[in-house]
Amino acid sequence: MTFPGGPHGRGEDRQAITVENGYAYGTIDADLHVFHGRGPVYLLLEGESPVPRSDGWLLEQPSRLLDARFQVVDFTGRDQERRELTVWREQPDCRLSVCWLYGPGGQGKTRLATEFAAASAASGWKVTRAVHGPGAVEPSPGSQDMRLGEAVGQLVLIDYADRWPPSHLSWLLSNKLFDKPVPTRVLMIARSLQGWNAVRADAHDRQAHTSELLLRPLGASGTLDERERMFAVARDCFVERYAAKHTILDPSAIAPPSVLREPEFGLTLAIHMAALVEVDARACRKSPPSVRNMAGLSAYLLEREERHWAHLFENEGLDFTTAPSDMAQTVLTAILTGTVTYADGRKILSRLFSTRDPDRTLQDHLRCYPSSSPGAVLEPLYPDRLAEDFVALSLPGHGVAYQERPWAPDLADRLLTRQSDGSSPAYTARAMTVLAAAAQRWGHVGPGLLYPLLRQDPRLAIDAGGPALSALAAIEEIDGTVLEAIEALLPTGRRHVDLDVGISDIMDRLTERRPAGMTDLEALGEWYYTLGFRHFNAGRLQQARAAVDRAMVAFTSLSEADPDRSAPWLARCRDVTGILLRVDDRYAEAVEEGQQSVAAWRDLIGIRATPEHTYGLATALENLCAALGNLGRHDQSLAAIHEAVMLRRAMTLHLGNCEPELARALDTLASSLVDAGDVEAAAEAGREAVRHYDRLVTREASAFKDGYAVSLMRLSSILHRANRLEEALTMLVKAIELYRELCKVNPAAFQGELASSLSNLATRLDTSGRGEEALSVCRESVEIARRAAESTPTVPSSILADCLHNFGVTLTNTGHLAEAREALEEATAISRRLAALYPIRHEPNLAQTLNALRRVLDLTEHFAEADAIKADITRSEERWASRTALTKLLGETPEGDAVFGSLSTQNALLEAMASMVESARRDAQEDSPSARADLARALWMFAHHHAEAKLNLDQAHAAVIEAIEIVQSEDQEQLSQEDTMFLFAAANTLADILNAQGHVVEAAELKAELNRRVTSPS
């Protein structure tokens, strides 16, 4: 419930309250997100001072002395990181900023964050902690007051950020807490960069600055000074605590051990553990571990932990009745489940240990590991790294002088047993994360526990979510059979945005071993085709292209021995290659691949009309339609999609499982009808597509949300053109909401679409007189488009060019002329590169941007520059008209026909191109760089069009070789981005010519090599 106002202060303050089983938690002046029936998604807690603990209580268990919450060791070192965090906090003119602080477990991240929070509080900042998990760690009954008071800013700390689902972090960032009129800093603490891309994209959507800070190993510069200083401080602090019960020699007599120079002692926790073991052994007159590596230190400290359990059991009588062996089982359980409510803890222990009193066990466990919040139980052993070592050392096979516990694998197995309804336990994601982290450092954890568990129920990995899949894939020596068992259950056919990145990581690891053992060319090609599909779904387009090229090589080789088996696969590969080429704005090549795919499917249907072949033809027609539309060949495009829709309707009617494909085809039809000028028919098709997606997302949102967003965007554009402005805006806003949700899970795949949709919204706001709102949306669209462009730096971004164009126009309309000029000049530079490579698609856009730039120059009285731009516009329009005429000269032909137009028209065209080459060759005699560049481009166009026509291939081969040699003869250090792109395009044309000459394998290998170069520029 939400109550406005109240007696707590300013009128805008709010109190949000949730009540679960009689327990109330609330926030003042902040929002509260709640799962239905499961309590808060996260908790906001006011900053807390460290809880004072007596020396006697701390000395009972070494884990307490190492727990960062109790701050036993004075903070020292990390001066550079503290300075960087202070600079981040104090950055001027920045309302909201998010920093991702990361490093391996035990590196000291939590303690550094705690010290930084204390320093911030002392400087007048309000400190808040955000804790994840419904009902896990709730504060004392009452409300957490998030009001600022006299604070100069607010700092929010989020630990374990890499374990939060991206959507939960997104909900947190949408909280009213972050809308306050003071600087707000969000420090997210994590072990790795896992999850940061999605969080960063979401933060940028909210106009937040972002940065990351890696906590490097101590003594990374190669000296021991920092490690020895930290050892001395930790030793002295531990001696001071032990002095309350023990007589210890002069601390200086405890010298730093020689093992500190080893790489594993680059961790803060490792230094503290080394100091604690030395002090404890001296104080208790025990022998220190004979092997002072991290494993030996953990074993020593955990044995000390267990001695305290035994002491309580033997000396406390009825006040403590849990035997040490039973306590060990409870501690292992708590490590895997994490903190839970009392009711849940009772259920867990009752299911695991039916003969024990769960209330007594929980009470005794709380005695050893008290929770920081009332009502919570099964507090895990801390620090996390020590807890992971407890898991590893409990399992047989570790080779360390520590008691093995044969019951540990069975306990974990029962703990992760599915519930009666078949669902996995709520703590599955945490358990998988802990086990994966332990397996990364302890080689026996996988074979002894994790791998058998996943072989028995591989779906646990999928239930744990995409981050858990990525964590499993990161285990260096993971058993391939486990990955194969998981891979067999991965969802197929469509995108699953919550899993796609993790699936891509799993497939990458499997690719390290599986193709090497494949002798069947069809199996090898199918593997790489599937790998490409998985990478494509994850937004990893360069890896997708490289995988599909390898599939093409395998299937091409197979076709020589068994053309019947290879034909369907080659058709699929050509279809996917066309899609990837179109994503890179290489439209002519995309059309060629698409036509070959369509022709191949028609041939297969002519032999045998199976559902598989019909499905393949419909898919290829849809993709060809899009590529033809990009080239302005709308009649052909419309004919292709009409046929595809007809096929999809028939399959839906007779097979009953093709509604998603029909919805997608209808959406594409709507787009093609708009291009053909039939807006009413386009709106009808678009509405039908949206109706289908309405049903589909209700059934399975993660699989169809992206298609739904595309369909809404398309319908919005159509309705806007039909002057149904209010309905159009509603559709657009809904699409933007969907794209934001998709970007939270997989920004690489969807941030380009989000940028485009925001840019469209800004344009509509601007034309409706809401210029300032439009500016804000435009800025966001440009920021997102720029990030998307950075992921493929070798390819100019048409999305970024469009967003910059709209931004420049909006700035002009609102009177920000200097900034408008800057945006439009950048858009012009990108559009020039695009128009040089793909003129039929981008020359009109270049002319529009030049017109917008000329307007700004006129308004700012830069008339000479404006006149020069006007001449440039005329040349651009002439080039576009010439290229359009050339396209019409080539003619419109039936789908699948590789020869355009009549033979006489072709001959005239090719003769004109030959004349163009000769003219460029004469101009190049003046030996200027620009003339040589023009000759290279003329040679390439000559070769490209001869390759398309499959004529004079030897001449085409010689021409493209000469073009490449001209560019390569220039100073390589002076090559522009456009030169590099030209070489790439020319090499692709060479591959096409080789293919047409019958050198099929050589052509496929060349294309695969080109894509590997793009993937690995070095």
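Tyrosine 102, in a model that is predicted, stands opposite leucine 214 in β12, and β7 and β12 pair in the parallel sense over 6 bridges; strands (E, at least two residues) and helices (H or I, at least four) are DSSP runs numbered from the N terminus, and two strands pair if DSSP finds at least two bridges between them. Helix α6 (residues 196-205) packs on the sheet, where it touches β7, β11 and β12, contact meaning heavy atoms within 4.5 Å. The direction of α6 makes about 150 degrees with that of β12, where axes are lines fitted to C-alpha atoms, for helices over the stretch in contact, and angles run from 0 to 180 degrees between N-to-C directions.

The sheet is an open one of 6 strands in the order β6-β8-β10-β11-β7-β12, with mixed pairing. Its edge strands, β6 (42-46) and β12 (209-214), each pair on one side only.

Within this order, β11 pairs with strand β7 (residues 96-102) in the parallel sense over 7 bridges, and leucine 101 stands opposite isoleucine 189 in β11. Strand β10 (residues 153-158) runs parallel to β11 and is joined to it by 5 bridges, with leucine 157 opposite leucine 187. Because 7 of the 7 residues of β11 (residues 184-190) are buried, this strand is largely enclosed by the rest of the structure; buried means under 20% relative accessible area, exposed over 50% and partly exposed in between, with a 1.4 Å probe and protein chains only.

Residues are numbered from 1 along each chain as its sequence is written. Local features need pLDDT of at least 70, side-chain atom pairs count only at pLDDT 80 or more, totals for chains, interfaces and linings use all residues, and side-chain values use heavy atoms, leaving out hydrogens and water.
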